[in-house]
Amino acid sequence: TERTLSIIKPDATKRNLTGKINAKFEDAGLRIIAQKRIQLTQEQAGKFYDVHRERPFFGELTEFMASGPVVVQVLEGEGAIAKNREVMGATNPADAAAGTIRAEFAESVGENSVHGSDAPETAKEEIAFFFSGLELV
Ligand code: ATP
Ligand code: MG
């Protein structure tokens, strides 16, 4: 089985959607094996999204990610990385398939309710960014 890092973003925690989003993960066969609610500083959000530092939306993205609490979680299951991205839907909710989290809940391309790791190497790094080995069983 595979593990991936998921973040329920501030637009979604603000609207009290954590349970509805988690139900989508569980219905898809993903198991939530670790989860905590935290608030990032803009600097921490920048470190997490460092790969986007030169993009024009970097300031907007990090400001948004620090604007309220997020729920960081580790999802486990067969093909969890791809499965999670399928359940999330396309980055822009206007392009997201019906029934996906972003189609149902996202407000815009920036405030799009969830993050999911995009490859095994980034999943490993992103899980270690938020969770210690002791928190993962
Ligand atoms: P994530 O990495 O959050 O799971 P993703 O992999 O679908 O999403 P990326 O291309 O990695 O999308 O972009 C990271 C995040 O940056 C997006 O989820 C979104 O919040 C924000 N973002 C991407 N493109 C734009 C844009 N054009 N304008 C504003 N924000 C954007
Ligand atoms: Mg991404």
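**Exercise 1.** In this predicted model, find which helices and strands each supply at least two residues of the shell around ligand 1.

*Solution.* Step 1: go through the helices; α4 (58-65) and α5 (80-88) each supply at least two residues of the shell. Step 2: go through the strands; β4 (114-116) also supplies at least two. Step 3: look at the whole shell, in which 15 residues surround ligand 1, the closest being Tyr49, Thr91, Gly110, Asn112 and His115. Step 4: sort the shell residues by type, which gives five nonpolar, six polar and four charged.

**Exercise 2.** Determine which protein atoms lie 2.8 Å or 3.0 Å from oxygen atoms of ligand 1, and state how much of the ligand the protein buries.

*Solution.* Step 1: start with side chains. An N or O atom in the side chain of Tyr49 is 2.8 Å from an oxygen atom of ligand 1. For the side chain of His52, the distance from such an atom to a ligand oxygen is 3.0 Å. Step 2: turn to the backbone, where a polar atom of Gly116 is 3.0 Å from an oxygen atom of ligand 1. Step 3: taken alone, ligand 1 exposes 580 Å², and the protein buries 81% of that. Step 4: locate the ligand, which sits in the largest pocket.

**Exercise 3.** Asn16 has a positive phi although it is not a glycine. Decide whether Asn16 is buried or exposed, and do likewise for Ser113.

*Solution.* Step 1: Asn16, with a phi of about 60 degrees, lies in the loop between α1 (10-14) and α2 (18-27). Step 2: its relative accessibility is 70%, so Asn16 counts as exposed, the cut-off being over 50%. Step 3: Ser113, whose phi is positive and near 70 degrees, lies in the loop between α6 (101-105) and β4. Step 4: the relative accessible area of Ser113 is 0%, so this residue is buried.

Notes
Residues are numbered from 1 along each chain as its sequence is written. Chains are lettered from A and ligands numbered from 1 in the order in which they are written. This is a predicted model: local features need pLDDT of at least 70, side-chain atom pairs count only at pLDDT 80 or more; totals for chains, interfaces and linings use all residues. Side-chain values use heavy atoms; hydrogens and water are left out. A residue is near a molecule or strand if one of its heavy atoms lies within 4 Å of it. A polar contact is a pair of N or O atoms within 3.5 Å; within protein, one must be able to donate a hydrogen and the other to accept it, and residues adjacent in sequence count only if both atoms are side-chain atoms. Accessible areas come from the Shrake-Rupley method with a 1.4 Å probe; for residues, only the protein chains shown count as cover. On a 1 Å grid over the protein atoms alone, a cavity is a set of points where a 1.4 Å probe fits but cannot get out, and a pocket is an open set with protein on both sides within 12 Å along at least five of seven lines; lining residues have an atom within 4 Å of a point. A molecule sits in a cavity or pocket if more than half of its atoms lie within 2 Å of its grid points. Helices (H or I, at least four residues) and strands (E, at least two) are DSSP runs, numbered from the N terminus. Ala, Val, Leu, Ile, Met, Phe, Trp, Tyr, Cys and Pro count as nonpolar, Asp, Glu, Lys and Arg as charged, and the others, Gly among them, as polar. Buried means under 20% relative accessible area, exposed over 50%, partly exposed in between (1.4 Å probe, protein chains only).
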